[in-house]
Amino acid sequence: MTHFGVTLSQFIMEEQRRFPEATGNFTLLLNDIAVSCKMIAAAVQKGQLANILGATDNENCQGETQQILDVIANDLFIKNNAKRGHVAAMASEEMDDVYEIPKGSPRGSYLLIFDPLDGSSNIEINGPIGTIFSILKTDKENPTEADFLKEGVEQVCAGYCLYGSATMMVLTIGFGTHGFTLDPAIGEFILTHPNMTIPKETAEYAINHSNRNLWEPPMRDYVEACDLGKEGPRKKKYTMRWVGAMVMDIHRLIQRGGIFAYPMDSSLTEKGGRLRLMYEANPMALLVEQAGGIASTGYERILNLDPQHLHQRVPVIMGSTEDMTIILDNHKSYAKETGKEFTHKCEQYQ
Ligand code: AHG
Ligand code: MN
Ligand code: MN
């Protein structure tokens with residue numbers, strides 16, 4: 001049965017009324033992103049039937065083996081956006097450098113940066129995967145890497161598409177976080193989850209427990225306290241969930257509360273963290289804050305980090321305010337003891 005509701009394009013057109021100077025280009029860009037995601041969703045759904053599962057012989061610049069679907073998803077984003085005249089340049093996890101718009105093609109004023117396929121290790125087990133994207137504005141005609149390196153607060157839009165049991169697009173343009181479900185019967189994303197709000201309290205966390213001996217004390221203390229259950233300081237039974245695809249783990253916490261963390265650990269100090277700032281941490285941080293949550297490295301607000309390069313990695317801890325406050329307090333005391341800097345400040349944590 002077709003569900004009547006507002007489509008993604010109708011929603012964006014309505015939202016554009018907030019910006020009297022808008023030209024309509026942003027709506028068209030979002031449309032091209034939605035088309036790319038629908039094409040990826042179609043490929044994901046065919047799975048092995050389309051012979052798209054498995055690894056390629058290539059590694060990306062981060063030293064990770066590219067899966068066939070990583071490459072397909074990246075190509076679809078490039079093909080659907082390169083010549084449409086809305087973007088000035090693109091960048092992605094799967095490309096070492098900035099993608100320049102081909103000579104002679106029209107160009108717009110947006111920078112699009114994305115993780116074409118998040119949770120690649122879930123592809124071959126038919127697990128949830130997704131696409132994450134972030135949009136910035138530029139006045140440069142030929143933008144370079146430096147033009148992408150803006151604080152996360154500068155994002156004009158952030159979103160993800162989750163290829164789960166249903167395909168969902170969740171996005172923010174700075175006025176709340178909204179969820180759309182793909183109706184396969186009509187090929188449209190329909191607004192099903194307006195103004196998503198992260199519950200303040202939670203008893204659920206998502207973290208790769210196998211790294212616990214490598215974490216810093218503030219994160220270890222938080223998890224150990226949770227694991228003591230009703231007898232511990234938190235006085236409630238916690239549960240742990242880890243899908244291994246940030247899109248899915250964050251989607252769960254936006255829906256029903258929780259903590260998602262890929263914190264700093266002693267095996268990651270040289271790399272700076274596990275997750276990438278520009279196309280994983282920043283877009284998710286904006287979505288989480290817009291849904292009323294907190295997003296931090298433990299010491300700094302993610303959206304205020306000053307990016308150094310496209311593929312920079314950072315520690316990530318985000319989610320429900322009550323538990324995030326405990327985690328941030330832990331980091332604050334640890335910073336005091338060890339002389340580290342603690343600067344996190346946001347609307348929900350002063
Ligand atoms: P990607 O597939 O884009 O490389 O990202 C995978 C990320 C993220 O989605 C997930 O939370 C994390 O890697 C899982 O890491 P572990 O395998 O170390 O748990
Ligand atoms: Mn990813
Ligand atoms: Mn990826």
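Mentor: Let us start with one pair of residues: Val-87 has Tyr-110 of S5 as its bridge partner. Please keep in mind that this is a predicted model.

Trainee: Which strand is joined to S5 there, and how do the two run?
Mentor: Strand S3, residues 87–92, is joined to S5 by five bridges, and the two run parallel.

Trainee: What holds paired strands together in general?
Mentor: Strands of a sheet pair through backbone hydrogen bonds, in either a parallel or an antiparallel manner.

Trainee: Which sense does the pairing of S5 and S6 take?
Mentor: S5 pairs with strand S6, residues 129–137, in the antiparallel sense, and seven bridges connect them. Within that pairing, Asp-115 stands opposite Ile-132 of S6.

Trainee: How many residues of S5 are buried?
Mentor: Nine of the nine residues in S5, which covers 110–118, are buried, so the strand is largely enclosed by the rest of the structure.

Trainee: And going on from S6, how does S6 pair with S7?
Mentor: S6 and S7 are antiparallel, with seven bridges between them.

Trainee: Are the residues of S7 buried or exposed?
Mentor: Strand S7, residues 157–163, is mostly covered, and seven of its seven residues are buried. Cys-157, Gly-159, Cys-161 and Tyr-163 point one way, while Ala-158, Tyr-160 and Leu-162 point the other way; all are buried.

Trainee: What joins S7 to S8?
Mentor: A hairpin does, through three residues. S7 and strand S8, residues 167–172, form an antiparallel pair with six bridges. In that pair, Cys-161 stands opposite Met-169 of S8.

Trainee: Why is Ile-78 called buried?
Mentor: Its relative accessible area is 11%, and buried means under 20%.

Trainee: What is Ile-78 in contact with?
Mentor: Apart from neighbours within four places in sequence, Ile-78 is in contact with Met-90, Met-95, Tyr-99 and Phe-114. As for Tyr-160, which is 82 residues away along the chain, its C-alpha atom and that of Ile-78 are separated by 17 Å.

Trainee: Now the helices. How is a packed pair described?
Mentor: Two packed helices are described by the angle between their axes and by the distance between those axes.

Trainee: What are those values for H6 and H7?
Mentor: Helix H6, residues 246–256, packs with helix H7, residues 277–290, at an angle of about 10°, and their axes are 11 Å apart. That makes H6 roughly parallel to H7. The crossing of H6 past H7 is right-handed.

Trainee: Which residues make that contact?
Mentor: H6 contributes Met-246, Val-247, Ile-250 and Ile-254, and H7 contributes Glu-280, Ala-281, Met-284, Leu-287 and Val-288. Eight of the contact residues are nonpolar, none is polar and one is charged.

Trainee: Which strands does H7 lie across?
Mentor: H7 lies across S15 and S17, running at about 20° to S17. S15 and strand S17, residues 316–319, pair in the antiparallel sense over three bridges, and Ala-295 has Met-318 of S17 as its bridge partner.

Trainee: What is the strand order in the sheet with S15 and S17?
Mentor: The order is S12-S11-S13-S17-S15, in an open sheet of five strands with mixed pairing. S12 and S15 are the edge strands, each pairing on one side only.

Notes: Residues numbered from 1 in each chain as written. Chains lettered and ligands numbered in written order. Predicted model: local features only at pLDDT ≥ 70, side-chain atom pairs only at ≥ 80, totals over all residues. Heavy atoms only, no water. Axes fitted to C-alpha atoms, helices over the stretch in contact; angles between N-to-C directions. Helix = DSSP H or I, 4+ residues; strand = E, 2+ residues; numbered from the N terminus. Parallel < 35°, antiparallel > 145°, perpendicular 65-115°, else oblique. Left-handed = near helix turned anticlockwise from the far one by under 90°. Contact = heavy atoms within 4.5 Å. Nonpolar A, V, L, I, M, F, W, Y, C, P; charged D, E, K, R; others polar. Buried < 20%, exposed > 50% of the residue type's maximum accessible area, 1.4 Å probe, protein only. Pairing = 2+ DSSP bridges.
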